[in-house]
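Good morning, and thank you for making time for this presentation.

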Amino acid sequence: MAPVLSKLQSKHAVVGAASVAFLYWLSRKTERPDQTKSLRVDQISLLTGQKTQKKDRAQLDWVFVRKLLNILRIIVPGWTSPEAFYLVLVTKCLLLRTFADMWMINNGTTIERSIIGNERGEFVKHLLKFMCAMPVISLINNVLKYGLSELKLRIRYRLSSHLIEQYMGGFTYYKMSNLDNRIVNADQLLTQDVEKFSDSFAEVFSSLCKPILDIIIYVNKLSGTLGAQGPVSLISYLILAGVLMTRIRRPIGRLTVMEQRLEGEFRYVNSRIIVNSEEIAFYRGGKREKTTLDLSFRQLVGHLRKSIQFRFMLGLVESMVGKYVATVVGYLAISRPFLDRNHRFTSLSHSERLEDYYRNGRMLIKMAEAIGRLILAGREMTRLAGFTSRVSELVVVINDLKKGHYERTMISDSARSNCNGVSLDTKTKRCDLVPGRGRVILKDNVIRFDHVPLVTPNGDVLINDLNFEVHSGMNVLVCGPNGCGKSSLFRILGELWPLFGGILTKPDMSNLFYIPQKPYMTLGTLRDQVIYPDTVQDQMRKGVTDSQLLSYLDTVQLTHVLDREGGWDSVQDWIDVLSGGEKQRIAMARLFYHKPQFAILDECTSAVSVDVESILYEYCRKVDITLFTVSHRKSLWIHHEYVLHMDGRGSYNFDRIDEATKPYGS
C-alpha cells in the first residue's frame, strides 16, 4: 500500500510542477508581444495633449480619507437627505440580517438536536418557526438589495448633478479645456468615473458594515459562553492580517487611476476620429489614424494585463489570509475550551457538548468568515481610493477654475529670458504677467482697453499694451495676419481668457454677442436654433412672437428653410441638414433676435454672398447693433467707421476710416 501511495504522491507532485511551469511559460509568452511594441506613457500622452504627471497617489491613507470626506459632504448634504435615509436603511437591514443569521443558527441547532433525540414535538415546532420566518428573512434580504441599488443611484445622481452644475457654470467647461491642462478627458470623469465611484462606495459600505456588525455581535455572544480568548485571538488576527494586506494592496489604487486615465485617452482618440472623419477621409488619413488608435489601445491592454497579473498574485495571498488561515484560526479558537480539561464543558454529557460545540462553533466560524470578508473588503476599498482620487481631482480643478486659478504649461524658459533684468519694448514684462491681475468694469455702450496686455493663457504676449475706446455706433473692422491676436482680443472681451493686467471696461455679457465662422447648432427645433441660448419660455417672457422670428428669417433670406423643414417645431440634426451659408445666416438671425449693444463677428459671413452680406450689415446698423468684425473682404469696409490693424509683431493701429484710408483684403 505504501509504495502505491508514494507513486500517487510523486505523480501529483509532477503534475503540479508541470502545471506551475506551464502557467509561468504562458504568462511570459503573453508578455512578449507587448514588450516589443510597448509604449511609454509619455508617447500616449502626446497623442491626447496630456503631459505625464507624477505618480498618482491613490492608497488607503489619511489623504484618501480627507478626499472621501470632501466628496461625502457633496453626496450626503444632511441627515435629512434621501442619501442619509438609504444609508441608515442599508445599515439596519445589515443588522437585521446578522440577527437573522444568529436566529437561524440557534433554530437550526435545535431542529437537528430534536432529530437526533427523536423529539417529534420539538422538531415540528421549530420547523414551523423556520417556515414562518422565511418570508421575513426574504424581505430583509430583498430590502437590502433594493436599498443598495437605490443608494448607488442616489449617490450618482447627487454627485453628477453637483459636478455638472459646477462644470457648466461660469465658462468652467471652456476653461478646463482651453486654459488648464490638468484634465483632458472631463467626459470620462463626469460619466464613467462617477458611476464607478458610486457603485464602489455602496459596495464598500455594505462590505464593511456587515462584517463589522457580525464581529461586534458574535464577540458579545461568544464571550459569555467560550470566554474572551477565542474572540480576542480572532480580532488580533484581523488586525495583523489587515495591516499586512493593506501594505500589499497599495498598488491597486494607482493601477485603478491609471486604468481609468488610459480608458479615457482611448475613448478620446476614438471620439477625435468621429468628429474629424471628413477631414481624415479627404487626407486619406485612415492608416495614420489607425496607427494612433492602435498605440493608444496597446497601451491600455498592456496596463490591463499588468493589473490582471498583479490581481492574480494578490488573489493567492488574499485567499490564504482571508479565507483559509482565518478558518484555521477559528478552529483553533473554538477548540481551546473543549480541549481544556479544566473547562466547564468537561462536566457536560457528550450530546450537550456536541450541541454547544455545534452552536458556538457555527457562531465562531461565522465570525471567522466575517473577519475574512473584512480583510477582503480592503481590496475594494483600495479600488475606491482610485476612483476617489479621480473624482477628487475633478472637484479640485473645478474649484480652482472658479477661483481663477489655472495650471498650464507656460512658454519655454528661453522665451522668458528677457525677464532677467532686461526690459521689453513697452511697460509690460513677461515675468510680471499673472492671470487675473487685470480688472473688469461693467458699463453700457462702451468698450475700453486701458493698458491691457494681449496674452494667451500659456503666457505668450501678442501685444504688450493695448489702448483704445469704442462707443456704441462706432463700428470697428479688425484685421491683420493670422496669429496676430484678433481672436485672442475677442476671447478676452468675452471673459473666456483671464486679464493679465490693465482695466477692461465693457457691457455685461448679455449685451455682447459673438458669432464665429462655424456657428454652433444646438439639439432641438428650428426655433431653438434662432433663439439659442434662450428657451421657448425665455422667448415668451421677452414677448417675441413667431411672426417676429419669421421676419428675422426673411431678413437673412431663409424663409424657404421654414417651409422645407416643416415649420418651427421641426427637429433635425441641423449641423448636417443646413449648408455652411445657411448656418451662418441662421447665426445672424440669432443676433437680430437678441439685439445686443455690441456684436463680435468673426468671419461669420465668409460663406454668404456679397449682396446678402451687405443686407445683413445694413440691418445691424439699422437696429443699432455696434459691430466688431474680423474679415478679409474689402466689401465690408463701407459698413465700418474705424479699423483696428494688428501687424503680428506686437504693434497695432486704431484709426478712423476716411477717404484716404486704403482698404486691403480680398
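Predicted model: local features only at pLDDT ≥ 70, side-chain atom pairs only at ≥ 80, totals over all residues.

Let me begin with R390 and D193, which form a salt bridge whose closest N and O atoms are 2.7 Å apart; by salt bridge I mean a side-chain nitrogen of Lys or Arg within 4 Å of a carboxyl oxygen of Asp or Glu. This pair links distant parts of the chain, as R390 belongs to helix α12 (residues 350-402) and D193 to helix α7, 197 residues apart. Helices here are DSSP runs of H or I with at least four residues, strands are runs of E with at least two, and both are numbered from the N terminus. R390 is buried at a relative accessible area of 5%, and D193 is likewise buried, at 0%. Buried stands for under 20% relative accessible area, exposed for over 50%, and partly exposed for what lies in between, with a 1.4 Å probe and protein chains only.

Residues are numbered from 1 along each chain as its sequence is written, and side-chain values use heavy atoms, with hydrogens and water left out.

The whole structure holds 21 salt bridges. Another of them pairs D187 with R267, at 3.8 Å from N to O. D187 lies in helix α7 (residues 186-226) and R267 in helix α9, so this contact ties together parts that are 80 residues apart in sequence. Both partners are partly exposed: D187 has a relative accessible area of 39%, and R267 one of 32%.

A further salt bridge joins R541 and D538, with 2.2 Å between N and O. These two residues are separated by about one helical turn, because they are three residues apart in helix α15 (residues 536-542). R541 is exposed at 62% relative accessibility, whereas D538 is buried at 19%.

I turn now to the backbone. Where is P533? It sits in the loop between α14 (526-531) and α15, and a cis peptide bond with omega of about 5° joins Y532 to P533. N445, which is not a glycine, has a positive phi of about 65°. N445 is in the loop between β1 (439-442) and β2 (446-455), and is partly exposed at 38% relative accessibility. H451, also a residue other than glycine, has a positive phi near 55°; H451 is in strand β2 and is partly exposed at 37%.

Finally, the surface. V124, L127, L128, M131 and M134 form a nonpolar patch with about 420 Å² of accessible area together. Patches are made of residues with over 30% relative accessible area and no salt bridge, like charges being joined within 9 Å and nonpolar side chains (Val, Leu, Ile, Met, Phe, Trp, Tyr) within 5 Å. The areas come from the Shrake-Rupley method with a 1.4 Å probe, and for residues only the protein chains shown count as cover.

Thank you; I welcome your questions.
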